There are 2 protein chains.
Amino acid sequence: MNRGGSLRGSVVLLSGGMDSATCLAIASHDRPPVHALTVLYGQRHAREVRAARALARRYQVRSHVIVRLPIGPLLDSSLTRPSRSLPTAGPHRGRIPSTYVPARNTILLSIALGYAESHRLGAIYLGANAIDYSGYPDCRPEYFRAFERLTRLATRIGVERGERVRILAPLLSLSKADIVRRGDRLGVPWDLTWSCYAGGLRPCGRCDACRLRARGFRAARRPDPLFGFRSSRA
Amino acid sequence: MNRGGSLRGSVVLLSGGMDSATCLAIASHDRPPVHALTVLYGQRHAREVRAARALARRYQVRSHVIVRLPIGPLLDSSLTRPSRSLPTAGPHRGRIPSTYVPARNTILLSIALGYAESHRLGAIYLGANAIDYSGYPDCRPEYFRAFERLTRLATRIGVERGERVRILAPLLSLSKADIVRRGDRLGVPWDLTWSCYAGGLRPCGRCDACRLRARGFRAARRPDPLFGFRSSRA
């Protein structure tokens, strides 16, 4: 099965959170063989890496590569600068949250593009979501379409054969509850995922990521297995 | 002097070679204040970093940031994989050389974009050259135009104000001899620059980079000061 001409398979940008875990499940079904790429850009939640490793093992990916990219201090964001406080009031419609990391998805996609071209993979999956993070410029459909067009100009396969690497963000227009339902149908092991921004041993329950996760499970009317069989108190 | 609306100044992708040194001179003249960004992506010529540091000091840049991005082993190129031999026969017209690093300029530009947005800089300079490296997909004018368009979709300043970060490759259509002449007019300290791919204490004189450099100085009819006052024997 080769949907991309000479290109075959896919690479998933795997942070270890719910969204990228669901993408991993989708890619494993739709575009095998699957590689996983975890990029650490100095964000606080290094705990997610353990989640990413566990998910990659569970899905028996062809290869899981972890790249440390120490650019956090260069980028202006509360996610990468410990001196800035994390927002806890939930996302604001119409404003770009302080957790926005300048050019983050462009950086992640460009590294994934180099990897995809090197391994002749036809698609890059990422778990971007335009509902919960409607304020992020690089989580919008028009941005992903533009980056996909760029892949045809930026690569050897583009120049030599006119092919492009597909940029797939299958969760883009789903609510967190929809993601829980979609992941449930695919059997995503939620207990292996990690969402909290705060970096503690247990989810803090107060940061935006914890709130969005809790709201998703509540709306999907099922408990979050990360909390055992207790219902989430977040 | 603010040519980019609320954006001011520029960041130069500084490898330490002749081309990025010339860009640094141009940026210092045209779009101060200048920041310099050196990205180490696992290429062999770490010797260039010393050159980059010396150049940044000479030009008194606002800030010089060195980022280690250990993705070399992930990318398929003779420049980043020590097991592959370097080409020594000169560039081939119409073929993409093995020194092509998949998505290299996209990765460099995306990191520079995150930096530029964080520091509200209006332009990214890079020393790409379409004559000497005509085979590289990501050294073509249409590629740079596409990336510049992407900056308007990818960033906060793009969404909130419709601004874009300029991608400036002022050497794109210059021959190596033209670059030597241009740099001479600007007073570029060639003795601080480094070109050789091989990573020795002295330039190897045989790799593509050494040959292109030697050819440039020969065509510009002046000695390469990196070799003292002896003429280059490469």
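Q: Which strand does β1(A) pair with over four bridges, and in which sense?
A: The partner is strand β2 (residues 34–40) of chain A, and the sense is parallel. Helices (H or I, at least four residues) and strands (E, at least two) are DSSP runs, numbered from the N terminus. Two strands count as paired if DSSP finds at least two bridges between them.

Q: What are the ground rules for the numbers?
A: The model is predicted: local features need pLDDT of at least 70, side-chain atom pairs count only at pLDDT 80 or more, and totals for chains, interfaces and linings use all residues. Residues are numbered from 1 along each chain as its sequence is written, with chains lettered from A and ligands numbered from 1 in the order in which they are written.

Q: Back to β1(A). Which residue stands opposite Leu13(A) in β2(A)?
A: Leu37(A).

Q: And what pairs with β1(A) over three bridges?
A: Strand β4 (residues 123–125) of chain A, again in the parallel sense. There, Val11(A) stands opposite Ile124(A).

Q: Which way do the residues of β1(A) point?
A: Ser10(A) and Val12(A) point one way, Val11(A) and Leu13(A) the other, and all are buried. Buried means 20 or more other C-beta atoms within 10 Å of the residue's own; exposed means 12 or fewer, partly exposed is in between, and the C-beta atoms are placed from the backbone. In general, side chains of a regular strand alternate between the two faces of the sheet.

Q: What is the strand order in the chain A sheet?
A: The order is β3-β2-β1-β4-β5, in an open sheet of five strands with parallel pairing. β3 (63–68) and β5 (166–168) of chain A are at the edges with a single partner strand each, so one side of each has no neighbour in the sheet. Neighbouring strands are turned by 20 degrees against each other on average, direction ignored. Axes here are lines fitted to C-alpha atoms, for helices over the stretch in contact, and angles run from 0 to 180 degrees between N-to-C directions.

Q: Which strands does helix α2 of chain A lie across?
A: α2 (residues 47–58) lies across β2 and β3 of chain A, at about 175 degrees to β2(A).

Q: Switching to α6 of chain A. Which of its residues are buried?
A: Lys176(A), Ile179(A), Val180(A) and Gly183(A), in a helix that spans residues 176–186. Seen down the axis of α6(A), the buried residues fall within an arc of 100 degrees, so they line one face of the helix. That arc is taken from the directions from the helix axis to the C-beta atoms.

Q: What covers them?
A: The cover includes α1 (18–30) and α7 (208–219) of chain A. Contact means that the C-beta atoms of two residues, placed from the backbone, lie within 7 Å. Just after α6(A), Gly187(A) has a positive phi of about 75 degrees.

Q: Which residues other than glycine have a positive phi?
A: Arg120(A) is one, with phi near 55 degrees, in the loop between α3 (104–119) and β4 of chain A. Another is Arg221(A), also near 55 degrees, in the segment after α7 of chain A.

Q: Is Arg221(A) buried or exposed?
A: Exposed, with 9 other C-beta atoms within 10 Å. Arg120(A) is partly exposed, with 15.

Q: Where is there a cis peptide bond in chain A?
A: Between Pro32(A) and Pro33(A), with omega about -5 degrees. Pro33(A) sits in the loop between α1 and β2 of chain A. In chain B, the bond from Pro32(B) to Pro33(B) is cis too, with omega near -5 degrees.

Q: How is chain B laid on chain A?
A: By a turn of 180 degrees and a shift of 0.0 Å along the axis, with an RMSD of 0.0 Å. That is the relation of a two-fold axis. The superposition is by least squares on C-alpha atoms of residues with pLDDT of at least 70 in both copies.

Q: Which residue of chain B comes closest to the rotation axis?
A: Leu69(B), whose C-alpha is at 2.8 Å.

Q: How many residues go into the contact?
A: 36 residues from chain B and 36 residues from chain A. On the chain B side, α3(B) gives the largest share, nine residues.
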